[in-house]
Amino acid sequence: MPIGDEELVVAAAEAGAAVVRSHYGSALTHFPKSAGDFATTADVEAETAILDVLSSARPNDLFVGEESGPTGPGVSGRVWLVDPLCGTLNYAVRSMLVAVNVALRIGEQVTVAASADPFSHEVFWTDGASAYVRRGGADQRLDPSSASRLVDVNLDPPFPNIDAFSAARLLADQGFIDIFRPRVVSTTLAVAWVAAGRRAGYVTDGQLRDNVHFAAGIAVCQAAGCVVTGIDGKPLHTGLGGLVVAADEQTHAALLTLIRNQSARSRSIWD
């Protein structure tokens, strides 16, 4: 029986997560990328496992992997975005804060997505309408909550809007400290945590259209009912770009106010 996209995306993410678990703590070959960044054996093999699952079931689709780039005939108009190990630097020093991300874009819409935590054996996923966490084969609907007041901020470059917004400045802002409790886990697993009620919000700079790291988490958050915009409050992939995800409207408004108050120069950009 043919497998549906919603089950396929979960199966692909789980296949990648299994590889990531299998290599954890082992001696890893490093493959240099940009300055200060690298892939490991686990990244490459996890991506291969994910692509094997996807291409076997959807041979006519296009597959965009972080490590291998675009592959497949791409004649169907369907694009799979694959991030086999988000948090490679964490993983390489035996920190378990990582995610395996898979998303399907059809046209301009991400229709299904999954973000797997290899070590908790959880998969945060969406069928495009609702969002769930799968544990032990059972699905539970995700329920965002701002009760923790925990907000993750991404400190990884690039910073295309440094004059208008700086994650480091946000962390040092007394207003931010008064309202929220900052966290930096350095993996997009934290984006899915907003949908799951484990974080009140998530903030990053950057241009994120078709970004293999963020596509899955954003889709899960949108389906869960989170508030999702760019750092200027505009719809995603417009304006300044970046990302503000919040569990509710009040948290989102508070984060936007703090971002807009960063500097006198930023105010002219917002206006």
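Buried means under 20% relative accessible area, exposed means over 50%, and partly exposed lies in between (1.4 Å probe, protein chains only). Helices (H or I, at least four residues) and strands (E, at least two) are DSSP runs, numbered from the N terminus. The model is predicted: local features need pLDDT of at least 70, and side-chain atom pairs count only at pLDDT 80 or more, while totals for chains, interfaces and linings use all residues. Residues are numbered from 1 along each chain as its sequence is written, and side-chain values use heavy atoms, with hydrogens and water left out.

**Stop 1: helix 7**

Select residues 215-224. This is helix 7, and eight of its ten residues are buried, so the helix is largely enclosed by the rest of the structure. Colour the buried ones: A215, A216, G217, I218, A219, V220, C221 and A224. Now step just past the end of helix 7. G225 takes a positive phi of about 100° there.

**Stop 2: the open sheet**

Two strands pair if DSSP finds at least two bridges between them. In what order do the five strands of the open sheet run? The order is 12-11-13-15-14, and the pairing is mixed. Strand 12 (181-183) and strand 14 (227-229) are the edge strands, each pairing on one side only. From one strand to the next, the twist averages 15°.

Zoom in on strand 14 and strand 15 (residues 243-246). They pair in the antiparallel sense over three bridges. Find T229: V244 in strand 15 stands opposite.

Contact here means heavy atoms within 4.5 Å.

**Stop 3: strand 6 and its partners**

Select strand 6 (99-106). Seven of its eight residues are buried, so strand 6 is largely enclosed by the rest of the structure. Strand 5 pairs with strand 6 in the antiparallel sense over seven bridges. For one of these, pick R78; its bridge partner in strand 6 is I106.

Strand 7 also pairs with strand 6, in the antiparallel sense and over seven bridges. Here R105 stands opposite V110 in strand 7.

**Stop 4: the nonpolar cores**

A nonpolar core is a set of buried Ala, Val, Leu, Ile, Met, Phe, Trp, Tyr and Cys residues joined through side-chain atoms within 4.5 Å. In soluble globular proteins, nonpolar side chains tend to be buried together. Select V9, V20, I50, L54, W80, Y91 and V102. Of the 30 residues in the largest core, these touch the most other members. Which helix gives the largest share of this core? Helix 1 does, with eight residues. Start from V9: beyond residues up to four places away in sequence, V9 touches W80, V102, A103, V112, A113 and A114. Another core, of 27 residues, lies apart from the largest one and includes V133, L189, A190 and L208.

**Stop 5: E122**

Go to E122 in strand 8. Is E122 buried or exposed? E122 is buried, with a relative accessible area of 7%. Show its side chain. There is a polar contact of 2.6 Å with the side chain of R135, and another of 2.9 Å with the side chain of R198. A polar contact is a pair of N or O atoms within 3.5 Å; within protein, one must be able to donate a hydrogen and the other to accept it, and residues adjacent in sequence count only if both atoms are side-chain atoms.

**Stop 6: aromatic rings**

Rings of Phe, Tyr and Trp (its six-membered ring) pair if their centres lie within 6.5 Å; planes under 30 degrees apart count as stacked, over 60 as edge-to-face and the rest as tilted. The whole structure holds five aromatic pairs. Select F176 and F180. Their ring centres are 5.6 Å apart and their planes are at 45°, so the pair is tilted. Both F176 and F180 are buried. Finish at Y24, Y91 and F119, which ring pairs link into a cluster.

Methods. Axes are lines fitted to C-alpha atoms, for helices over the stretch in contact, and angles run from 0 to 180 degrees between N-to-C directions.
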